[in-house]
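Good morning, everyone. Please take a moment with the sequence and the model on the screen. Then I will walk you through it.

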Amino acid sequence: ILGFLKEEPMHGYELRQRLQTVLGFAWQPSFGALYPMLQKLEQRGFVTKSEIKKGPGPQKQVYSITDQGQARLRELLLNKQVPVGLPLQILFLDQLSKQERKDLLHQARQQRVEALERLERERTRRGWSMNRYQRVVLDYGFETIQRELAWLEKLEQE
């Protein structure tokens, strides 16, 4: 939310549309979830709300990021263990310096390499004692992490 509001102030409907367009594959925010989040961000001083009248109809509440919100966004982008996940960090990498971007991508790639190593150790340890479905899920994990690694390597090269 902070990243999108840094790009431009928006009212709730615009923000929800942007979130659905860009992140719909992973998250479909409802108005029932979005507005409480915006209220929390406002209470913490990360966003401000103002009412504007655009055309016919009721006034719209437009949300804007504050300096404190920009600082929080930067903090989230640089956090190696950010709970929102890597795709959201990458979505707003343009907010960071070239070196910070390189460091974040390198760290993310390193985490995936370590995750593959852990999965391989588990596969070796458990061997054929896993049932068919456990092996399928483990294979899914391998394939997912390998795709992420390829994606991260491409981003690092760019």
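First, a term. Buried means under 20% relative accessible area, exposed means over 50%, and partly exposed is in between, with a 1.4 Å probe and protein chains only. Take Ile 65. It counts as buried because its relative accessibility is 14%.

Now the ground rules. This is a predicted model: local features need pLDDT of at least 70, side-chain atom pairs count only at pLDDT 80 or more, and totals for chains, interfaces and linings use all residues. Residues are numbered from 1 along each chain as its sequence is written, and side-chain values use heavy atoms, with hydrogens and water left out.

Next, the overall layout. How many helices and strands does the chain have? Seven helices and three strands. Helices here are DSSP runs of H or I with at least four residues, strands are runs of E with at least two, and both are numbered from the N terminus. Along the sequence the pattern reads α-β-α-α-β-β-α-α-α-α.

What about the dimensions? The C-alpha trace spans about 65 × 35 × 25 Å along its principal axes. The radius of gyration is 20 Å, while a compact globule of 158 residues would have one near 15 Å. That radius is taken over C-alpha atoms, and the globule rule is 2.2 Å times the number of residues to the power 0.38.

Of the 158 residues, 31% count as buried.

Charges next. There are 26 positive and 20 negative side chains, and the centres of the two sets lie 4 Å apart. Lys and Arg count as positive, Asp and Glu as negative, and His and the chain ends are not counted. Each charge is placed at NZ of Lys, CZ of Arg, CG of Asp or CD of Glu.

Contacts now. A contact means heavy atoms within 4.5 Å. Among contacts between residues at least 6 apart in sequence, 46% join residues at least 24 apart.

Back to Ile 65. Where is it? Ile 65 sits in strand β3, residues 60-65. Beyond residues up to four places away in sequence, Ile 65 touches Leu 2, Leu 5, Lys 6, Phe 46, Val 47 and Gln 70. Ile 65 and Met 10 are 55 residues apart in sequence, with 9.8 Å between their C-alpha atoms.

Another strand residue is His 11, in β1, residues 10-11. Is His 11 buried or exposed? Buried, because its relative accessible area is 14%. Leaving aside neighbours within four places in sequence, His 11 contacts Lys 60, Gln 61 and Val 62.

Now the aromatic rings. Rings of Phe, Tyr and Trp (its six-membered ring) pair if their centres lie within 6.5 Å; planes under 30 degrees apart count as stacked, over 60 as edge-to-face, and the rest as tilted. That rule gives one aromatic pair. Which residues form it? Phe 4 and Phe 92, edge-to-face, at 5.1 Å centre to centre and 85° between the planes. The two are 88 residues apart, so to speak of where they sit: Phe 4 is in helix α1 (residues 2-7), and Phe 92 is in the loop between α5 (86-91) and α6 (98-126). Glu 42 is in helix α3, and it is partly exposed because its relative accessible area is 28%. Leaving aside neighbours within four places in sequence, Glu 42 contacts Val 47 and Lys 49. Ser 30 lies in the loop between α2 (12-23) and α3 (31-43), and at 35% relative accessibility it counts as partly exposed. Ser 30 and Thr 124 are 94 residues apart in sequence and 43 Å apart, C-alpha to C-alpha. Glu 153 is in helix α7, residues 132-157, and is partly exposed at 38% relative accessible area.

Thank you.
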